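My entries follow the structure.

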Amino acid sequence: VQLQASGGGFVQAGGSLRLSCAASGRTFSRYNMGWFRQTPGKEREFVAAIRRSGGRTDYANSLKGRFTISRDNAKNTVYLQMNSLKPEDTAVYYCAAAEPRIDYSGYYYSTVAYDYWGQGTQVTVSS
């Protein structure tokens, strides 16, 4: 499956952005989906994940209440709504797709769970 992330940009602290990740090539609804982010010199970190049906979502503890992951299987798209943005949210954001191998949410917090990655979209939050 090919993934194309979009929606990044420049925003002031306290603002909002919605990222989108459009999938093509294979049946989107078979994959669990995730968002990760990365800053220079650091490892890619987990942001949020959503199961194939959209029935379960998980978030990095530090982001709960500000970020919301959702998906529209009819549109082959996963979204990340980011509110109350902070300068420390500045990063390149990546979407990823995972074969549903394991029915354990914690597995999908790790990059190793994911088989396909998008190209990333830059989010910059100014203070």
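Which side chain does a polar contact join to that of Glu99? I looked it up: the side chain of Arg30, at 2.9 Å. A polar contact here is a pair of N or O atoms within 3.5 Å; within protein, one must be able to donate a hydrogen and the other to accept it, and residues adjacent in sequence count only if both atoms are side-chain atoms.

A note on the source: this is a predicted model, where local features need pLDDT of at least 70, side-chain atom pairs count only at pLDDT 80 or more, and totals for chains, interfaces and linings use all residues. Residues are numbered from 1 along each chain as its sequence is written, and side-chain values use heavy atoms, with hydrogens and water left out.

**Entry: Glu99**

I placed Glu99 in the loop between strand S9 (91-98) and strand S10 (116-117). Strands are DSSP runs of E, at least two residues, numbered from the N terminus. Glu99 has a relative accessible area of 16%, so I logged it as buried. The cut-offs are under 20% for buried, over 50% for exposed and partly exposed in between, with a 1.4 Å probe and protein chains only.

Next I listed contacts, meaning heavy atoms within 4.5 Å. Beyond its neighbours within four places in sequence, Glu99 touches Arg26, Arg30, Tyr31, Tyr108 and Asp115. I also checked Tyr116: 17 residues from Glu99 in sequence, 9.2 Å away C-alpha to C-alpha.

Arg30 came up again. Its charged end sits over the ring of Tyr31, 5.4 Å from the centre. That call needs NZ of Lys or CZ of Arg within 6 Å of the ring centre and within 35 degrees of the ring normal. Arg71 does likewise over the face of Phe28, at 4.4 Å from the ring centre.

**Entry: aromatic rings**

I searched the whole structure and found eight aromatic pairs. Rings of Phe, Tyr and Trp (its six-membered ring) pair with centres within 6.5 Å; planes under 30 degrees apart are stacked, over 60 edge-to-face, the rest tilted.

Phe46 and Tyr109 are stacked, because their centres are 4.2 Å apart and their planes at 15 degrees. Phe46 is in strand S5 (residues 45-50), Tyr109 in the loop between S9 and S10, 63 residues apart. Phe46 is buried at 9%; Tyr109 is partly exposed at 37%.

Tyr108 and Tyr114 are edge-to-face: centres 6.3 Å apart, planes at 75 degrees. Tyr108 is buried at 2%, and Tyr114 is buried at 7%.

Last, I traced the cluster. Ring pairs link Phe36, Phe46, Tyr107, Tyr108, Tyr109, Tyr114 and Trp117.

Methods: Helix = DSSP H or I, 4+ residues; strand = E, 2+ residues; numbered from the N terminus.
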